Amino acid sequence: MSNEPISLDKALSSFDALWSPRIVTRVNDYDVRVAKVEGEHLWHVHEDTDEFFLVLDGELRISLREPAGERTVLLPRGAVFTVPRGTEHRPYAPSGAAILMFEPTGTPTVGDRHDEIPDHVDATTGHPLDI
């Protein structure tokens, strides 16, 4: 990793793939990832780790399945939210968004358990396949 400042705008402009986070730096054993998102991601859960979201641009919604029922949190630009470990969730951005996430190194984008993965997505990483 670089020991120089990193421009998040420059990192985001270096790719177009949706729901395919890129690592911009690491903090201890955590990846700091940026992603462009639009539409719906999969319902999934991370059994052993929380997942931190910061909305850099646009608006992100995260649906959560909690013991008290299902709810959706709305994250406008500049908002942060942490999905607790073991909570089934589905991020989505109807109009698109740019986000930053903190996750332990090696955390799969689709979590430990998830809905069926579409054919155009890599089942291991959760990243779109080249078509």
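This is a predicted model: local features need pLDDT of at least 70, side-chain atom pairs count only at pLDDT 80 or more; totals for chains, interfaces and linings use all residues.
Residues are numbered from 1 along each chain as its sequence is written, and side-chain values use heavy atoms, with hydrogens and water left out. The chain exposes about 7,500 Å², of which carbon and sulfur atoms supply 49% (Shrake-Rupley method, 1.4 Å probe; for residues, only the protein chains shown count as cover).

One helix and nine strands make up the secondary structure of the chain (DSSP runs numbered from the N terminus; helices are H or I of at least four residues, strands E of at least two). Of the 131 residues, 40% count as buried (under 20% relative accessible area; exposed is over 50% and partly exposed in between, with a 1.4 Å probe and protein chains only).

The largest nonpolar core has 17 residues, and those with the most contacts inside it include Val-37, Phe-53 and Ile-99 (such a core is a set of buried Ala, Val, Leu, Ile, Met, Phe, Trp, Tyr and Cys residues joined through side-chain atoms within 4.5 Å). Strand S8 supplies the largest share of this core, four residues. Apart from this core lies another, of eight residues, among them Ala-11, Leu-12, Val-24 and Val-32.

Phe-102 also lies in strand S8, which spans residues 88-104. Phe-102 counts as partly exposed because its relative accessibility is 31%.
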